[in-house]
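Hi,

Here is the structure I promised to pass on. Have a look at it first, and my notes on what turned up are just below.

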Amino acid sequence: MIRNAFTVGAWTMGSRLLGFARDILIAALLGAGPAADAFFVALRLPNLFRRLFGEGAFSAAFIPAYTGTLSHDGEAPARRLAEDVTAIMVVFLFGLMVLGMLFMPYVLDVLAPGFRAEPAKFALAVHLSRITFPYLWLICLCALFAGVLNARGHFAAAAAAPILFNVCIIGTLFVLHDRGERVPEALAYGVALSGIVQFGLLGRALVRAGAPLRLRWPRLTPGAMVVIRRIGPGLIGAGVTQLNLTVDTIIASLLPNGTVSVLYYADRVNQLPLGVIGAAVGTVLLPSLSRHFRRNETAAARVTLNRALEFAVLLTLPAAVALGAIGLPIMRTLFAHGAYSDADAMRSAAALAAYAFGLPAFVLVKLFAPGFFARGDTKTPVKVGLAAVALNLGLNLALMHPLQQVGIALSTSIAAWFNVAMLAVLLRRHGDFSPDARLVGRVVRIALASVAMAGILILLRETALMRLPEAVALGVLIMFGMVGFGGIGLAIGAFRLDELRATLRRPAKLDPAAQAG
């Protein structure tokens with residue numbers, strides 16, 4: 001499982017790094033002003049659907065059903081289930097896309113109510129949203145293709161597809177911007193184009209995996225209805241983090257110009273470890289747990305979840321501590337160029353520290369939620385998720401004015417920790433989660449090594465080192481942080497190199513059904 005997670009994580013890392021190149025260009029050309037706010041709101045809605053379906057609700061509903069059918073009934077019934085669900089999604093999502101484009105002004109009244117006070121900014125956001133909105137139709141179908149591939153043990157193509165999102169945006173920006181198109185419009189067209197390209201890539205990957213899907217006339221078969229009934233609850237259960245970030249956007253639209261943008265840039269940095277670690281481990285964990293539960297292997301499922309948690313904490317906790325300690329050098333080095341000012345970098349760095357506080361929780365939610373979804377339980381994560389969203393909204397309203405963008409980010413982090421705590425307690429009560437001695441001991445040691453690393457970074461941050469060029473100083477900080485955490489972690493037993501090497505050498509063991517195709 002962890003070996004497959006490294007595969008997904010490597011592709012995701014490539015996508016995130018390319019995403020930084022994209023965001024550096026956007027920051028230099030648009031800064032953190034009204035035009036940037038309008039584009040990021042236009043990007044938020046299709047991106048929300050991508051993350052909810054690609055990393056959340058659809059995967060949670062479809063993968064256990066498809067994996068169970070493939071393991072128990074065989075190839076033909078599993079393919080028929082995928083084709084039935086595809087046909088229903090094609091029709092439903094197309095209708096949703098048309099309605100969204102027609103009623104976009106009213107959609108933005110909900111997503112960014114503060115924009116109405118500035119007619120030019122609101123009109124630009126509506127225009128850009130209508131360009132980007134078709135992306136959600138294609139990307140949700142891509143999520144289905146990715147679910148089939150992941151359930152069959154083919155993780156690379158689905159993990160690589162987001163790279164094309166960034167390639168298309170950067171390419172369209174250069175081509176259209178050089179021809180006189182405005183930067184926001186060029187970016188929006190890049191989003192729409194990326195949906196087409198990703199759809200083509202994953203469709204071809206299905207053919208190569210021996211699992212091509214034909215478009216059938218929509219039929220509400222029993223298997224398809226099981227998936228559809230689970231999607232609705234899963235939208236909240238698996239997508240609480242994304243729903244909370246959407247609440248952040250709504251509240252930020254009510255604050256001064258640039259607040260949406262500085263939160264976006266802070267979240268982009270926070271998303272690097274969140275996407276690479278959380279999405280990667282969560283992606284490979286769900287099929288693994290589904291197979292264990294299908295065979296009534298509860299003990300094996302608990303061990304699998306413990307090792308996944310250990311691996312996630314090992315990579316996430318030091319990342320969160322580092323982002324909090326050196327957030328300002330990171331934001332200055334990456335984005336403080338062109339239209340993006342040093343003051344914008346300072347605002348983003350403060351928000352980044354608040355987001356980093358919740359980073360381990362954002363990742364752990366992606367690991368605890370599959371423990372429920374693998375058994376077909378979507379109701380429990382929904383109830384907890386609704387409580388977390390309500391908590392986030394209440395904290396946002398209380399903190400938005402005294403703490404501005406920091407209050408918004410901090411509210412999301414607190415809500416994430418609440419979500420994790422409740423899921424862990426309930427999963428343990430059901431007997432599907434029992435932290436073993438190794439997990440508890442490793443987490444304590446990882447925390448101690450992370451605190452020691454933070455001390456090293458803070459001391460170095462205050463020395464003459466910061467008189468070096470920003471990129472050089474940041475590189476030195478990162479190097480010392482990695483060496484410090486690695487050395488201290490090895491010394492106190494937070495991790496062992498021989499275990500990591502053995503994991504990477506060991507061939508991935510998949511069920512015959514998972515290896516089919």
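A quick one to start: are arginine 22 and aspartate 23 buried or exposed? Both of them are buried. Their side chains also meet, in a salt bridge with 3.1 Å from N to O. Please keep in mind that this is a predicted model.

Salt bridges, then. The structure holds eleven of them. Aspartate 109 has a relative accessible area of 27%, so it counts as partly exposed. Arginine 116 is partly exposed too, at 45% relative accessibility.

Another bridge runs between aspartate 342 and arginine 332, where the closest N and O atoms are 2.8 Å apart. This pair links distant parts of the chain: aspartate 342 belongs to helix H15 (residues 342-357) and arginine 332 to helix H14 (residues 327-335), ten residues apart. Aspartate 342 is partly exposed, with a relative accessible area of 36%, and arginine 332 is partly exposed at 25%.

There is also a network of salt bridges, which links Arg307, Glu310, Asp436, Arg438 and Arg442. Arginine 307 sits in helix H13 (residues 298-325). Its relative accessibility is 17%, and because buried means under 20%, arginine 307 counts as buried. The side chains of arginine 307 and glutamate 310 are joined by a polar contact of 3.1 Å.

On to the nonpolar side of things. In soluble globular proteins, nonpolar side chains tend to be buried together. Here, the largest nonpolar core has 136 residues, and those with the most contacts inside it are Tyr265, Val269, Met331, Phe335 and Phe368. Helix H7 (residues 134-151) supplies the largest share of this core, namely twelve residues.

Which residues does valine 269 touch, if you leave aside its neighbours within four places in sequence? The contacts are Phe20, Leu323, Ile330, Met331, Leu334, Phe335 and Leu352.

Some nonpolar residues show up on the surface as well. Phe94, Val98, Leu99, Leu102, Phe103 and Tyr106 form a nonpolar patch there, with about 620 Å² of accessible area together. Helix H4 (residues 75-102) gives the most to this patch, with four residues. Valine 98 lies in that helix and is partly exposed, with a relative accessible area of 34%.

Most residues other than glycine have a negative phi. Glutamine 404, however, has a positive phi, near 55°. Glutamine 404 is partly exposed, with a relative accessible area of 27%.

The other is isoleucine 458, which is placed in helix H19 (residues 437-461). How far apart are isoleucine 458 and isoleucine 326 in sequence and in space? They are 132 residues apart in sequence and 7.6 Å apart in space, C-alpha to C-alpha. With a relative accessible area of 38%, isoleucine 458 is partly exposed.

That's what I have for now.

Cheers

Terms used:
Residues are numbered from 1 along each chain as its sequence is written. This is a predicted model: local features need pLDDT of at least 70, side-chain atom pairs count only at pLDDT 80 or more; totals for chains, interfaces and linings use all residues. Side-chain values use heavy atoms; hydrogens and water are left out. A nonpolar core is a set of buried Ala, Val, Leu, Ile, Met, Phe, Trp, Tyr and Cys residues joined through side-chain atoms within 4.5 Å. Buried means under 20% relative accessible area, exposed over 50%, partly exposed in between (1.4 Å probe, protein chains only). Helices (H or I, at least four residues) and strands (E, at least two) are DSSP runs, numbered from the N terminus. Contact means heavy atoms within 4.5 Å. A salt bridge is a side-chain nitrogen of Lys or Arg within 4 Å of a carboxyl oxygen of Asp or Glu. A polar contact is a pair of N or O atoms within 3.5 Å; within protein, one must be able to donate a hydrogen and the other to accept it, and residues adjacent in sequence count only if both atoms are side-chain atoms. Patches are made of residues with over 30% relative accessible area and no salt bridge: like charges are joined within 9 Å, nonpolar side chains (Val, Leu, Ile, Met, Phe, Trp, Tyr) within 5 Å. Accessible areas come from the Shrake-Rupley method with a 1.4 Å probe; for residues, only the protein chains shown count as cover.
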